[in-house]
Amino acid sequence: MGKYTITYECGCQEVMNLFGKITERERTIARYATMDCPHCRALAAQKEAEAAGLPLLKGSDKQISWASDIRKEAIELIDKMREIATDKDLAESLFKPFLANTSASFWIENRAEITTSQRSLLTFLVAYTKK
């Protein structure tokens, strides 16, 4: 174990405890150098959400960043489902409350059902609207 100062692509720095072999630690440092820090990723995700007319997510920077990626995947599936929906009003009544959820932990905890397939997302949406 060792403490390392990680410099992200955005220029932000963070001190981290890294474990494992030195080669694994170096690989981790190199990987972080190619991405923005969690705070900058969360800010970018919130700006994208505002531009898309989506509500801002609530949670830690890491949660917001991760949940935003999950929500993007879900929106891609929903857009495909909108195209093939025969009853547009019913489809929107399922999608609207779901996309209005602002809890980052909700998106993270339900990621398997949300991003697996259109069928699993539809099943989840039906159960979600019945709550």
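So, three helices each put at least two residues into the lining of the largest pocket: α3, spanning 61-84, α4, spanning 88-99, and α7, spanning 118-130. Keep in mind that this is a predicted model. Which helix gives the largest share of that lining? That's α4, with four residues.

Let me walk you through the lining itself. You'll find M81, I84, A85, T86 and D87 there, along with L90, A91, L94 and F95, and then Q118, R119 and L122. Sort those by class and you get eight nonpolar residues, two polar and two charged. As for volume, the pocket comes out at about 200 Å³.

Okay, on to the helix packing. α3 turns up again here, this time with α2, which covers residues 38-52. How do the two axes sit relative to each other? They come within 8 Å and cross at roughly 45°. The handedness is left: α2 passes α3 in a left-handed crossing.

Who's actually touching whom? On the α2 side, the contact is made by P38, H39, R41, A42, A45, Q46, E48 and A49. Facing them from α3 are D61, K62, I64, S65, S68, R71 and K72. By class, that contact has six charged residues, five nonpolar and four polar.

Notes: Residues numbered from 1 in each chain as written. Predicted model: local features only at pLDDT ≥ 70, side-chain atom pairs only at ≥ 80, totals over all residues. Heavy atoms only, no water. 1 Å grid on protein atoms, 1.4 Å probe; cavity = no way out; pocket = protein on both sides within 12 Å on 5 of 7 lines; lining within 4 Å. Points joined across faces, edges and corners; volume = space filled by probe spheres on them. Nonpolar A, V, L, I, M, F, W, Y, C, P; charged D, E, K, R; others polar. Axes fitted to C-alpha atoms, helices over the stretch in contact; angles between N-to-C directions. Left-handed = near helix turned anticlockwise from the far one by under 90°. Contact = heavy atoms within 4.5 Å.
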